[in-house]
Amino acid sequence: MKKMTCILVIFLAAGILAAGGRAEREPEDLNHLIVANYAETQIMDPHAVEDTASHWINNQIFEGLVRRTDDMGVEPALAEDWEFVDERTIEFSLREGVRFHNGDEFTAEDVKFSYQRLLDPDASLAGSSRLAMVDAENIETIDRYTVRIPTYESFSALLTYLAHSSSLIVSRSAVEELGGDFGANPVGTGPFKLSRWDQGTAVHLERFDDYWGGPAQVERLTFRGIPEASSRTIELETGGVHVAQQIPETDLRRVDENDQLVLHQYEALRLNYIVFNTQKPPFDDIRVRRAISYAVNIDELAEVAYGDLGSPAQGYMNSSIWTFTPDVYGYEQDLDRARELLAEAGYADGFEITMSVDDNTERRTVAEILGSQFRELNIDMSIDIYEWGAYLQMTAGGQHDIAQLSWLASTGDPHHALHPNYHSDNIGAANRSHTSLPELDELLEAGMVEPDQERRAEIYREAQRVIAEYAPIIPVTDDREAVGVRSNVTGFQYSPSGYHLFHGVGLE
Amino acid sequence: MGRYILKRIAALIPVLIGATFIVFAIMHFTPGDPATLMLPQDATRAEIEAMQERLGLNEPFLVQYGSFLAGLLQGDLGISFRTGQPVASVIMTRLPATMLLAAASIIVAVIIGLIAGIIAAIRQYTFWDGGAMFTALLGVSMPNFWLGLMMILLFSVFWSTNFGYTLLPASGYGTFQHIIMPAVVLGTAHASFITRITRSSMLEVLRQDYIRTARAKGLSEWAVIVSHALRNALMPVVTIIGLRFGVLLGGSVITERIFAWPGIGRLLIDAVRAQDYNVVQGIILTYAVIFSLVTLAVDLLYTVIDPRIRRQYR
Amino acid sequence: MNTSAAPQDQSLKTEKRRKQRTRLQETWRRFRKNRWALSGLVLLVLLAAVALGAGVIAPEGVDHQDFTRRFAPPGQENLLGTDNLGRDTLSRIIHGSRLSLSIGFITTSIGLIIGGTLGAFAGFYGGTRDQIIMRIMDVILAIPGFIFAVALVTALGPNLTNLMIAVGVNSIPYFARIIRSSVMSVKEYEYIEAARAIGAGDLRIIAKHVIPNSFAPILVQATLRIGDTIIIAAGLSFLGLGAQPPLPEWGAMLSGGRQYLRDAWWMATFPGIAIMITVLAFNLVGDGLRDALDPRLKN
């Protein structure tokens, strides 16, 4: 029996000691910036992941040829200058004297290697579809600092796609040396390099002193993955982190009113919407889709479900995208009109439908509100919740009656906003309303190749008009995001993409 | 004895294979597929199919399971679909955090359970008996995410707004303070089992002749309880700790999420949702191995302590 | 069954019934002495009454939304406040009692019936049948229960029915083990031998003699298990794998209210208290029963 008591005591002691570690409270280190990310990083290989939490960190470690500006343009990053050699080829002059974290010089070979790696059909990397238009085989290095990138067809929005996180440039020598371990030992040209990755807890970055744009303000930068939204706010309030991404709606006021904190809110590029299955009764009837569009009070939905994290949507793409056309949307709430249209379609006595949603809180709330409001039109709507994977599959397969989705046009380009969702080629993938209109297909194809910005804008305006007529979706909100920052943080500049950069951010 | 252990370990193998098979089947027939989840939403049909091909998802179910088993035999758990990292190394970096949390919560549960159980037993059928049981039951009666959120609000938020510093950090990993709240949340949820078993085994022991003898010898009640009764009542308590270990590991999933604890529970939930088959399989296997080994250890402990049982395995 | 044995069987039965009756009285007498257990029982009776009369007792319907009174704090109008859609929290908790109690009872019944049958078979016949059944149970037990439920609900799709299936399947090995061991302990008793001697079939023996005599431990475990399943269901709701909206399942209400905890504390607090009281009541009754039924604990 003594033995057992012994074992128990050892067990207790080991547990306490192991947990002990460093228990001292440390004074705030002004050279160490701590950031709360809303999820853990998956891996620090920009080509292999497609989630924004990972890409936020990737954007501190790596850089692309060009970078998006806050007003949706692009500016030079690793490329100093560029010109279109012909309709399908763009030539970049690269910045000279740029070093990777491992000391190697950045050259045209790294650009060619990065894109060929990303687009290698055998590797089938997650980010590859972003640059599917690039003819990687035929990328040409003219000299050490000049590279020519051809596309299969003329593609007018190429630069915004090259500014996307999937197009970040990796070190050729490092990838060849490390192979599959590259994602845990990333080597880029960015202002921060990896110091230590505590999987599941945090990514610790440190300043890269040879950064071409001069060294960053802080020596150390830590990203902690904190999935519970309210915990992120609490960590920000209690000083556990200096910056917290995605402040939940319920905490906006609290952060705003706290004089130790600064709240930044910005329009994100996401559109949240209700989507009809246009190939399945009752919503294969355009009158029914229009009737429901008239039945919904968008302002109220936006207010109750999204609060200050969404502004009522007024069109078919996020309003920050440069070709956004607000005047095409004409479905102000009008219940009489809705009843008329339903009667015309033969549904005066209503019908039964199921709204499919994933586990997103706002979408659940929208569904609950609609379920209650549709009773007035004799529509009996039940709600089915799906796991995200199952949800994507069943909406792609067209098994839904009506669903809710959001679309993040992260490149800020109208092609990205409309083509995947409405071109008939994408039925079975991102076209979840199963819209198939030859007229719309033509417009979307024309917009993709049109080099003239004015004419391009006109094409997309026309496309939005066609969509409004067809009513495959009901837009609900334009997303707004909020990032909270402690007031002793200097130089913080939010980015509408959500990938706020920390090169110029310090602490005082 | 050695042969007995070997036999027990050999008996584990079909259980482990069965467990991985069930989970593999569930994962396989879950709607949705990992390729779609990994690719951006604007991926085309062709891109999704190429990804499925690369991940080997087009193979028939049994072929996929077979290649998992073949890998397993060579000690290879495969790589994570999402990150390309070897599953074994991912699990090894995360496992210590979960084990630490499990150990710390057992300590909490044992402390509460022993105290409440002893009080209940020596004051059987009084107010104290019921009161001690009631207290121990409170923990298991609360959904533990609720208790966790309440504790965070009290010890982190309330404390820092009213006293200017945080008593306990709201989330994270690394220091002694970090482990207190998760361990209390998880430990209280398991205290009632230890209380119950302590109480009933104490009650039984207290009726034995040697306790009467000890009392008759004029030993103080306290000495009787601690040095005679408790010692002999501890065995079933150790058993229940072993048996609860699996439940505890499974239950740590939610606690890990609330406190951003870097254990395998959180990793598992993420992997289930992303349908990252290999990671899910690897973690289930880890759980099953740990659970089975703990059960074996408990049985062995019996034989070490009780010579009568030991004799049976000669 | 041959006719000459019938009267004998009859007298055996009456004898047993009488014994059972006195045992029941004895158990009740001892249960009553335990005031904590008794208060648990009173709570359960009250809960059952609330659930049965939910339609009459609740001031409002399940899904009565009113955006003019969103986040109203507890007060005269709404005793326990309103939620983010202006629904009366008290009404939803009252309606939700049906769901939470159903989850507890249905999932435990699934486990009890399937697990009980398997366990009784395994225990009664022993040998290979026992080996096969119990090894399968071992396999399920080797996967932590909560995680098994998560995987199963993910596969089946998150809604109330699937939640109950997953938690119910989870309970199967649990009951299979208990019932197997109690069947094994009673099957050698004299009256079983006697029944066998007079030619009663296996199924009949299991149903008439073995199961009633394993009743005590099963009742205790089932009562405790109901509490557990309500907690497991709440945990699944926390991960977004619970009942579908607008169902007022307590776990879903609690989990949905957690983001408002710091402003509209009542949204998460009251469903949490409801769960706590219910689970506590089941546990108190279960523990009380265990004490009352355990002959070793007689004083």
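## Chain C and its interface with chain A

Chain C has 31 positive and 21 negative side chains, and the centres of these two sets are 7 Å apart. Lys and Arg count as positive, Asp and Glu as negative, while His and the chain ends are not counted; each charge is placed at NZ of Lys, CZ of Arg, CG of Asp or CD of Glu.

This is a predicted model, in which local features need pLDDT of at least 70 and side-chain atom pairs count only at pLDDT 80 or more, whereas totals for chains, interfaces and linings use all residues. Residues are numbered from 1 along each chain as its sequence is written, chains are lettered from A in the order in which they are written, and side-chain values use heavy atoms, without hydrogens and water.

Chain C contains 12 helices and zero strands (helices are DSSP runs of H or I with at least four residues, strands runs of E with at least two). Overall values for chain C follow.

| Property of chain C | Value |
|---|---|
| C-alpha span along the principal axes | about 80 × 45 × 35 Å |
| Accessible surface (Shrake-Rupley, 1.4 Å probe) | about 12700 Å² |

Of the 299 residues of chain C, 57% are buried, meaning under 20% relative accessible area with a 1.4 Å probe, protein chains only.

At the interface, 24 residues of chain A are in contact with 22 residues of chain C, where contact means heavy atoms within 4.5 Å. The rule finds seven salt bridges across this interface of chain A and chain C (a side-chain nitrogen of Lys or Arg within 4 Å of a carboxyl oxygen of Asp or Glu). Arg254(A) and Asp263(C) form a salt bridge, at 3.0 Å from N to O.

Terms used. Buried means under 20% relative accessible area, exposed over 50%, partly exposed in between (1.4 Å probe, protein chains only).
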